[in-house]
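Thank you all for making the time this morning.

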Amino acid sequence: MYNPHLETFIHVADAGSFNKAAEDLFVTPPAVIKQITSLETNLDIKLFIRSPRGLTLTEAGKSIYRDAKYIIQYCKESVVRAKNAAEDGDRVIRIGTSPMTPGQFLLDLWPSIHEHCPDIKFKLVPYENTPENAREILRNLGQNIDIVAGPFDESALRRWQCDALPLSCEPVRCAVSIYHPLSGKDHLTVQDLHEENFLLIRRGWNSSIDQMRDELMQEHPQINIVDFDFFSINVFNQCENSEDIMMTIDNWEHIHPLLKTLPVDWDYTLPFGLLHSPEPSSTVGRFLDAVKTVLDLS
């Protein structure tokens, strides 16, 4: 970060002799003279007055001497600060957040997680939830984002080229507008969905939902299943603006203030977990181990 000849210059100025400086630096006197000559040439400044009695600094040399000590010390401190920043960066867990990938439950767990790894810090990284962004982020976990919380299955992990720490199997719920006639109920039966439009994520998104779809189509053909391609705020808006009913999970109940999430008397669930790189960093690994401990997932 600075011309290394400055350190040689300081040694020569302190010693008052090329020979003594060479001894301190464990080099030959000609090597020291060459470095000082090179420094004077580069700076276009005469640094020393040479006499039979030794070397003395010129006025310009005295100025450079004062500043050189400051420059060297400042650069050394700068490197220390940079290394500390790098170490802090290694201890930061970057959580990707969007309406569909909430981070609140991790914030709720954070005090307990912090007890197990107090040196790790937490950073929320918001992103726009689009199909393109989702694919890009999930395929590159560990670069700009370390963890994303969301539903998954094995085929999705292969498709996204990532791994997951399973946290729970979330019950599949139904979301309805607060103005929908069914919103007055505390829970729904499958028969309540008869003759209704039921918004269901497209086939191939998740094997658990595919099985749910097949069973509903076979056992309850009275339900009008309407596909949608991707979970986003748009589909929640569509549900609120219509008489449609939509599949959802509890983690998404606060996405839209005009939708009510209702349990249904079925046993369908959706795997939910922390998506991460197949080769997580040591810090991410410690974080995931802490989550396992806190949630007793062993």
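A word on conventions before that. This is a predicted model, in which local features need pLDDT of at least 70 and side-chain atom pairs count only at pLDDT 80 or more, while totals for chains, interfaces and linings use all residues. Residues are numbered from 1 along each chain as its sequence is written, and side-chain values use heavy atoms, with hydrogens and water left out.

Buried means under 20% relative accessible area, exposed means over 50%, and partly exposed is what lies in between, using a 1.4 Å probe and protein chains only. In helix α1, residues 5–15, the buried residues include His5, Leu6, Phe9 and Val12, and just after α1 comes Gly16, with a positive phi of about 70°. In helix α2, residues 18–25, Phe18, Ala21 and Ala22 are buried. Because these residues cover an arc of only 105° around the axis, they are on the same side of α2; the arc is that of the directions from the helix axis to the C-beta atoms. The cover over the buried residues of α2 includes α1, α3 (29–43), β1 (48–51) and β2 (54–57).

Those two strands, β1 and β2, pair in the antiparallel sense over four bridges, where two strands count as paired if DSSP finds at least two bridges between them. A hairpin of two residues joins β1 to β2, and Ile49 has Thr56 in β2 as its bridge partner.

Next, the sheet that contains β3. It is an open sheet of five strands with mixed pairing, in the order β4-β3-β5-β12-β6. Its edge strands, each pairing on one side only, are β4 (121–126) and β6 (163–171), and the twist from one strand to the next averages 25°. Angles run from 0 to 180 degrees between N-to-C directions, with axes being lines fitted to C-alpha atoms, for helices over the stretch in contact. Within this sheet, β3 (residues 92–97) and β5 (residues 147–151) pair in the parallel sense over two bridges, and Ile95 has Ile147 in β5 as its bridge partner. Helix α10 lies across β3, β5, β6 and β12 (269–276), running at about 30° to β6.

The other five-stranded sheet is also open and mixed, and its order is β9-β8-β10-β7-β11. Here the edges are β9 (224–228) and β11 (259–262), each of which pairs on one side only, and neighbouring strands are turned by 35° against each other on average, direction ignored. β8 (residues 197–201) and β10 (residues 245–248) are parallel, over two bridges, with Phe198 standing opposite Ile245 in β10. Helix α8 (residues 207–219) packs on this sheet and touches β8, β9 and β10, its direction making about 150° with that of β8. Helix α9 (residues 233–240) lies across β7 (173–177), β8, β9, β10 and β11, at about 145° to β10.

Which residues have the most contacts inside the largest nonpolar core? That core has 54 residues, and the ones in question are Phe198, Phe231, Met247, Trp266, Leu274 and Phe287; a nonpolar core is a set of buried Ala, Val, Leu, Ile, Met, Phe, Trp, Tyr and Cys residues joined through side-chain atoms within 4.5 Å. Helix α10 (residues 282–295) gives the largest share of this core, five residues. A second, separate core of 17 residues includes Phe9, Phe18, Leu39 and Ile72.

Finally, the cysteines. A search of the whole structure finds zero disulfides, a disulfide being a pair of cysteine sulfur atoms within 2.5 Å. For Cys162, the nearest cysteine sulfur is that of Cys169, 17 Å away. Cys162 is buried, with a relative accessible area of 8%, and Cys75 is buried as well, at 9%.

Conventions
Contact = heavy atoms within 4.5 Å.
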